[in-house]
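Notebook open, new model loaded.

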Amino acid sequence: MKNKRIRIALLAIVAALFASAFAACNVYEHEELEIRRCPQVQDTVIMPGWDETE
């Protein structure tokens with residue numbers, strides 16, 4: 001009976017250590033995100049001397 005209690009206690013300790021190993025791990029992922037947008041009228045560059053010809 002005493003061996004059974006020791007075995008249960010040992011299994012409980014091992015299970016607690018195993019669970020805490022995964023509970024304490026934090027995975028941080030750094031990701032840079034570039035936001036692209038559609039071209040707008042204010043983005044247009046007007047060069048002098050490059051007028052449209054008819």
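I take helices (H or I, at least four residues) and strands (E, at least two) as DSSP runs, numbered from the N terminus. This is a predicted model, so I keep local features to pLDDT of at least 70 and side-chain atom pairs to pLDDT 80 or more, while totals for chains, interfaces and linings use all residues. Residues count from 1 along each chain as its sequence is written, and side-chain values use heavy atoms, with hydrogens and water left out.

I looked up the elements: the protein chain has 1 helix and 0 strands.

Next I checked α1, which has 22 residues and reaches 31 Å from first C-alpha to last. That is close to the 32 Å expected at 1.5 Å a residue, where the span is 1.5 Å times one less than the number of residues.

Across the 54 residues of the protein chain, buried ones make up 0%.

Last, I looked at Met-47, in the segment after α1 (2-23). Met-47 is partly exposed at 48%.

Methods:
Buried means under 20% relative accessible area, exposed over 50%, partly exposed in between (1.4 Å probe, protein chains only).
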